[in-house]
Number of protein chains: 2
Amino acid sequence: MEYRYSERMAKMNGAATREILKLLTRPEIISFAGGFPATQCLPQKEVQEIAQELLSEGRATAVLQYGTTEGFSELREELIKYVKTAGIENIGLENTLVISGGQQGIDLMSKIFLDKGDAVLVENPTYLTALQIFDSYQANIVGVDADENGLVIEDLEKKIKEHHPKFLYCVSTFSNPTGKTYTVENRKAIAEITAKYGVMVLEDDPYSKLRFEGKWVPSIKSFDKAGNVVYLTSFSKVLSPGLRMGVAIGDKEVIRKMTIGKQGVDVTTSNLSQLIVCEYLKRGYLFPNIEKNMPIYRERKNAMIRAIKEYMPEEFSFINAEGGLFIWGGFNAPIDTTKLAPEAIKYDVAYIQGQVFYPKADVVNMIRLNFSNAPVDKIDAGIHRLGDMFKKEIAKVK
Amino acid sequence: MEYRYSERMAKMNGAATREILKLLTRPEIISFAGGFPATQCLPQKEVQEIAQELLSEGRATAVLQYGTTEGFSELREELIKYVKTAGIENIGLENTLVISGGQQGIDLMSKIFLDKGDAVLVENPTYLTALQIFDSYQANIVGVDADENGLVIEDLEKKIKEHHPKFLYCVSTFSNPTGKTYTVENRKAIAEITAKYGVMVLEDDPYSKLRFEGKWVPSIKSFDKAGNVVYLTSFSKVLSPGLRMGVAIGDKEVIRKMTIGKQGVDVTTSNLSQLIVCEYLKRGYLFPNIEKNMPIYRERKNAMIRAIKEYMPEEFSFINAEGGLFIWGGFNAPIDTTKLAPEAIKYDVAYIQGQVFYPKADVVNMIRLNFSNAPVDKIDAGIHRLGDMFKKEIAKVK
């Protein structure tokens, strides 16, 4: 049978990184390719304790029966308190939608705003799967230049005028893939200029709680006066990705539309996941656990920086992120990291080629390295292997 | 701020039944409006036992860390065995995608096949939320006539020729809303004629395990020789809706495309939900539990039939379903059940107006009554109230 797929599927070939990820099943490979939280940081004991109580007689009905699409009110009350830690104040239940992981927020935002051909602005480069989602809505994805302060505001304004985008998508703190954090001034300017032109902002914040150094910054959402910013956060990196739990915060009209969108997608987020996160927040487990885990992440990041300095060729430069999961770097040499990704596998080490994070796929000399999910000795050994390979490649092109 | 929503949102106003459902918070109201399984049938003890073990040290990593979009292989092996009970044989892991409730399968099928304006055929009437999902993809929804055997094959062929639909959607066993079951001959004919014209079938089967009487029938999928049938089933009615767990079975190429679609929607289904269902199946809890529960459902259904016969006006006729959750009936009189739904609330009773199940919303004399989620005495009292109201209304229009 010849299947007559929708037009949108032409651009949807699965994660561009899938072929690499498939090769990672060999146990000798050291992978810097994923974005997993450190397995040892997942709070097994606390989740077990909570699940046990939630499923006890008399309490289990809420878990097992249907719930509402918006999510449990009890949980949303906790989430309202939680997002105060991103500087978000004065919101109510009607501004709060429980989602099945932060990524569902990107999909729902796209569903309610994007028609085929509509423009979406993104930081150039940005989160790979966000690009894939916008592709699935057949959007016109336009990259905005970024510098060490965040987005280049002049370029943002220019692209807004030129493309009349429905929204701007950005990961403002410890960006994926670059690890960069926008300055407070940059955040204010983004909130102002998008409001001025009636452009929505989708601020995706999965990483801000994973800060190893530097100073806290408020979210772009905290500077939103026009109701044009939707803020997403997720419990995938700070609690557990397997639970698939996140939250969208926005103007009540927009949240209502996203809720209608969610009704047709998965009805509700798993009740058990919702109530586990609810209790985890209520019992005050989250922040002590993050604090306990940060030394592990910090140590791994530092180990990677140390190894890069020791083993990578001098043509490689990188951004030393203050938090998050990634080191982003590139070569001041004609090195095609997409072509070399399979070569790295021969050295028993994996990275993600930078090309996949660019809407135009027009940059080939960058790589993203994840440091959160490998112990220090593996990080050292893996970067050593990568360094050997890239040095050899650079010798070839010199 | 004036929000510039996508075109698809114009048709998405939330569940049409939402206004009614909102009124149901008053405890004195007896509701026949939902589609909830009986709360007392939810297997609290078994799920608690399984969750406790899954979250024990040494096993919890699989639950808490990221999983693959396809779902756990271990679970998919169990699901392959499970769908044999629908007559589906000779399938492998590559034919099997874990989904976050059966409804996600409708969304993913739409995502991979439907462009704006594409035709979808549905039984007339059909599942309300399926209509809303097809609307969200701006499809042209075309109703196919049905009779006591299932779909009218001549009408199906006529509509296929006329509209070149991408797929046919149907609930072949204990249909929502009608409660009808297609005959074996009808199923074979549907499989043949759709294959002949290269039309996909999306067979949605949330209810077939809830059989109180009559004989088992194999799924349409079991007659699929061309690879054009995708079969969905869900654990919402037989285990727990709160877990959000279902499965899609289809040709490996189609399942691969649905998997790519799911990557951009929610990445994976909650690991905890997946592994709870996996263990529930492995330990052989499912069928004994269904068997234990069927007398409760049967008793409630019979109580509703008895009450309808006693209290409803003689102008009301209905289908006596052999299973599922619903009784579907209508008036041989000019009664507008949409207009009367708020009136019923004044009588402290709720139903769903039939109109919302028709793609053209052109039939107003039908109602859907859910019997699964109220005890026998409430069913009697509720139908009594409904009967009083409808008798009064019929007296007015006579």
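**Figure 1. Strand β8 of chain B between its two parallel neighbours.** Strand β9 (residues 229-234) of chain B runs parallel to β8(B), and five bridges join the two; strands are DSSP runs of E of at least two residues, helices are runs of H or I of at least four residues, and both are numbered from the N terminus. Two strands are said to pair if DSSP finds at least two bridges between them. Within this pairing, B:Val201 has B:Val229 of β9(B) as its bridge partner. This is a predicted model, in which local features need pLDDT of at least 70 and side-chain atom pairs count only at pLDDT 80 or more, while totals for chains, interfaces and linings use all residues. Residues are numbered from 1 along each chain as its sequence is written, and chains are lettered from A and ligands numbered from 1 in the order in which they are written.

Figure 2. Strand β7 (residues 167-170) of chain B pairs with β8(B) in the parallel sense over four bridges, and B:Tyr169 has B:Leu202 of β8(B) as its bridge partner. Between β7(B) and β8(B) the chain passes through helix α8 (residues 184-196) of chain B, in a β-α-β crossover that is right-handed, a term for a path from the first strand over the helix to the second that runs clockwise when the strands point away from the viewer. Strand β8 (residues 200-205) of chain B is largely enclosed by the rest of the structure, because six of its six residues are buried; a residue is buried if 20 or more other C-beta atoms, placed from the backbone, lie within 10 Å of its own, exposed if 12 or fewer do, and partly exposed in between. In a regular strand the side chains alternate between the two faces of the sheet. In β8(B) both faces are covered, with B:Met200, B:Leu202 and B:Asp204 buried on one side and B:Val201, B:Glu203 and B:Asp205 buried on the other.

**Figure 3. The contact between chain A and chain B.** Chain A contributes 67 residues to this contact and chain B contributes 66 residues, where two residues are in contact if their C-beta atoms, placed from the backbone, lie within 7 Å. On the chain A side, at least two residues each are supplied by α2 (44-54), α3 (60-64), α5 (102-113), α6 (128-136), α9 (252-263) and α10 (271-282), and the largest share, six residues, comes from α5(A). That side of chain A divides into 27 nonpolar, 28 polar and twelve charged residues; Ala, Val, Leu, Ile, Met, Phe, Trp, Tyr, Cys and Pro count as nonpolar, Asp, Glu, Lys and Arg as charged, and the others, Gly among them, as polar.

**Figure 4. Helix α2 of chain B and what covers it.** In helix α2 (residues 44-54) of chain B, the buried residues are B:Val47, B:Gln48, B:Ile50, B:Ala51 and B:Leu54. Their cover includes elements of both chains, namely α2 and α3 of chain A together with α3 (60-64) and α10 (271-282) of chain B.

**Figure 5. The two domains of chain A.** Domain 1 (14-43 + 288-397) and domain 2 (44-284) make up the division of chain A, with bounds that come from an automatic or database domain assignment. Their C-alpha centres lie 26 Å apart, and 24 residues of domain 1 are in contact with 32 residues of domain 2. On the side of domain 1 that touches domain 2, α11 (286-311) and β12 (326-331) of chain A each supply at least two residues, the largest share, five residues, coming from α11(A). The residues of that side are 16 nonpolar, three polar and five charged.

**Figure 6. An antiparallel sheet in chain B.** Four strands form an open sheet in the order β11-β12-β15-β14 (chain B), with antiparallel pairing. Strands β11 (316-319) and β14 (352-353) of chain B are at the edges, each pairing on one side only. Strand β12 (residues 326-331) of chain B is joined by five bridges to strand β15 (residues 366-370) of chain B, and the two run antiparallel; here B:Gly329 stands opposite B:Ile367 of β15(B).

Figure 7. A:Gly382 lies in helix α13 (residues 376-397) of chain A and counts as buried, with 26 C-beta neighbours inside 10 Å. Leaving aside neighbours within four places in sequence, A:Gly382 is in contact with A:Ile30, A:Phe32, A:Val349 and A:Ala374. B:Asp377 is placed in helix α13 (residues 376-397) of chain B and is exposed, with 10 other C-beta atoms within 10 Å. B:Asp377 and B:Arg300 are 77 residues apart in sequence, and their C-alpha atoms are 9.3 Å apart in space.
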